[in-house]
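Please look over the sequence and the structure below before reading the report that follows.

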Amino acid sequence: MLLPFAVAPIALIPGMLLLPGAAADDLLDAALGVAALAPPRRMMTPMGKPMSAAVTNCGELGWVSDAAGYRYAALDPESGLPWPALPENLADFAARIAAEAGFPGFAPDACLVNFYEPGTKMGQHQDRDERDFSQPIVSLSFGTSAVFRIGGLKRRDPSTTVTLHHGDVVVFGGPARRVHHGIDRILPGHHEQLGAKRLNLTLRKAG
Ligand code: SIN
Ligand code: FE2
C-alpha cells in the first residue's frame, strides 16, 4: 500500500512535482557512504573542460563524461571497479515516491551524486542518456539551497526557477522527462555534515 505524501506536492510544470522536505537524513548518510567509497571528482566534458560540480555514482550503472562523450558505464573509470551498490533505502525511497507521483514500477539502476561547492553550477541540459524515457528521474537535494532552472523541450523555450532546499525531492517524468534543466547557482548556507556544499542525487533507470 502506498503512503500518502507527508507534504502536499507542488506541480512545477506538467510532469514535474516538487515534494518539499520529503527526503530524510538517512538518505544523505547513504549518499555520503557512497562518496567515501567512490570519491567525487570533476569529470571532463566532451569539449575538454572540467565540469563545475564534482560527481560520483552508485548502482549498476554510473553516468560518466570524458573526451568520448556522455554515457553510462558499469565501472568507475578512476578505480576500474564497479560503482558502489545502490543503497537499499535510496532505491526503496525513489520507487515509493515515484509511484506516489504517478510512475509505478520505477526500479532505478543508476544514481548520479553531484557535489556543488559555492560558486559552482550545472548548465542547462536534458537527461537523455537513458534507454527508456517512460521512466522518471527522482532528484534529492541536501545541504545548501540552490536555484534550479526549469526550461522546456527546446533549448530556447522560456524557463522558470525554483529554489531547492535541504530534503526537497523533485520527480520528473512523462511530459517533463526531457525538459531542459540546470542549476544557476548555490546559495550561501551551512549544513552540519556538508558545510557550504550542496549534494544532489538523481536516481534513474538507465539500462
Ligand atoms: C542534474 O540535473 O544532474 C542535477 C540537478 C540538480 O543538481 O538539482
Ligand atoms: Fe539533469
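At what angle do helix H1 and helix H2 pack, and how far apart are their axes? In this predicted model, where local features need pLDDT of at least 70 and side-chain atom pairs count only at pLDDT 80 or more, totals for chains, interfaces and linings use all residues. Residues are numbered from 1 along each chain as its sequence is written, and side-chain values use heavy atoms, with hydrogens and water left out.

Helix H1 (residues 25–37) packs against helix H2 (residues 88–100) at an angle of about 130°, their axes lying 9 Å apart. Asp 26, Leu 27 and Ala 30 of H1 meet Asn 89, Leu 90 and Phe 93 of H2, contact meaning heavy atoms within 4.5 Å.

Ligand 1 is surrounded by residues that include Asn 114, Ile 183 and Arg 198, each with a heavy atom within 4 Å of the ligand. Polar contacts (pairs of N or O atoms within 3.5 Å) are tabulated here.

| Side chain | Distance to an oxygen atom of ligand 1 |
|---|---|
| Tyr 116 | 2.6 Å |
| His 125 | 3.1 Å |
| His 181 | 3.0 Å |

Terms used
Chains are lettered from A and ligands numbered from 1 in the order in which they are written. Axes are lines fitted to C-alpha atoms, for helices over the stretch in contact, and angles run from 0 to 180 degrees between N-to-C directions. Helices (H or I, at least four residues) and strands (E, at least two) are DSSP runs, numbered from the N terminus. A polar contact is a pair of N or O atoms within 3.5 Å; within protein, one must be able to donate a hydrogen and the other to accept it, and residues adjacent in sequence count only if both atoms are side-chain atoms.
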